[in-house]
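Q: I am new to this structure. Can you walk me through how to read its features?

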Amino acid sequence: MPLRYLTATILALAPLNAGANGFYFDPGLTVNPVSATQFEVIEARGEGARGMWCAAARYAVYTLGQDKGRLYVDTPRGSSVTQNSGKGVVFTTHAPENPTQSVSVTVRRAGASLPVIHALQFCRDYDVFPDNNF
């Protein structure tokens with residue numbers, strides 16, 4: 001079997017295997033802790049605000065155990081504070097003095113916030129099959 005057919009077969013079957021095992025995909029962005037309530041999502045591969053909120057929500061739930069409440073943009077998109085290069089957004093689970101409830105999905109305004117459960121919904125963009133659970 002020529003290599004190109006073998007490669008095509010593997011790529012065609014990969015999503016079936018992922019769904020059978022209950023796996024789902026996410027933006028795979030790096031998240032670095034800043035403090036007990038702050039963490040930075042590093043921008044990569046052209047991910048936009050939805051991907052960054054998804055990564056922040058997953059970190060809040062699976063690393064910090066914060067499955068309720070809100071996430072806030074502490075430091076808007078800009079130079080990374082945890083790495084020597086790149087762009088990032090610092091999120092927090094601690095409400096700032098002047099929080100805002102956003103109707104748009106932004107990482108460019110300090111104080112912008114979303115409920116954790118809302119931000120987790122953006123992770124569905126990465127699901128292989130829509131019935132996967134978080």
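A: Start with a loop. R45 sits in the loop between β2 (38-42) and α2 (49-62). Keep in mind that this is a predicted model.

Q: What is the phi of R45 near?

A: First the general idea. Most residues other than glycine have a negative phi. Now the case here. Phi of R45 is near 50 degrees, a positive value, and R45 is not a glycine.

Q: Is R45 buried or exposed?

A: Exposed means over 50% relative accessible area. R45 has 60%, so it counts as exposed.

Q: How many salt bridges does the structure hold?

A: The idea comes first. Side chains of opposite charge can pair when their charged atoms come close. This structure holds two salt bridges.

Q: Which side chain meets R77 in a salt bridge?

A: That of E43, at 2.5 Å from N to O. R77 belongs to strand β3 (residues 70-79), while E43 lies in the loop between β2 and α2, so the pair ties together parts that are 34 residues apart in sequence.

Q: How exposed are R77 and E43?

A: Partly exposed lies between the two cut-offs, 20% and 50%. R77 has a relative accessible area of 28%, so it is partly exposed. E43 has 24%, so it is partly exposed too.

Q: Which residue forms a salt bridge with D67?

A: K68 does. The closest N and O atoms of D67 and K68 are 4.0 Å apart.

Q: Where do D67 and K68 fall on the accessibility scale?

A: D67 has 46% relative accessibility, so it counts as partly exposed. K68 has 63%, so it counts as exposed.

Q: Now the whole chain. How many helices and strands does it have?

A: Three helices and six strands. Read them in order from the N terminus: α-β-β-α-β-β-β-β-α.

Q: What share of the chain counts as buried?

A: Buried means under 20% relative accessible area. Of the 134 residues, 34% count as buried.

Q: What does the accessible surface of the chain come to?

A: About 7,800 Å². Carbon and sulfur atoms hold 55% of that surface.

Q: What share of the contacts comes from residues 24 or more positions apart?

A: Take the contacts in the chain with a separation of 6 or more. Residues 24 or more positions apart account for 60% of them.

How values were computed. Residues are numbered from 1 along each chain as its sequence is written. This is a predicted model: local features need pLDDT of at least 70, side-chain atom pairs count only at pLDDT 80 or more; totals for chains, interfaces and linings use all residues. Side-chain values use heavy atoms; hydrogens and water are left out. Helices (H or I, at least four residues) and strands (E, at least two) are DSSP runs, numbered from the N terminus. Buried means under 20% relative accessible area, exposed over 50%, partly exposed in between (1.4 Å probe, protein chains only). Contact means heavy atoms within 4.5 Å. Accessible areas come from the Shrake-Rupley method with a 1.4 Å probe; for residues, only the protein chains shown count as cover.
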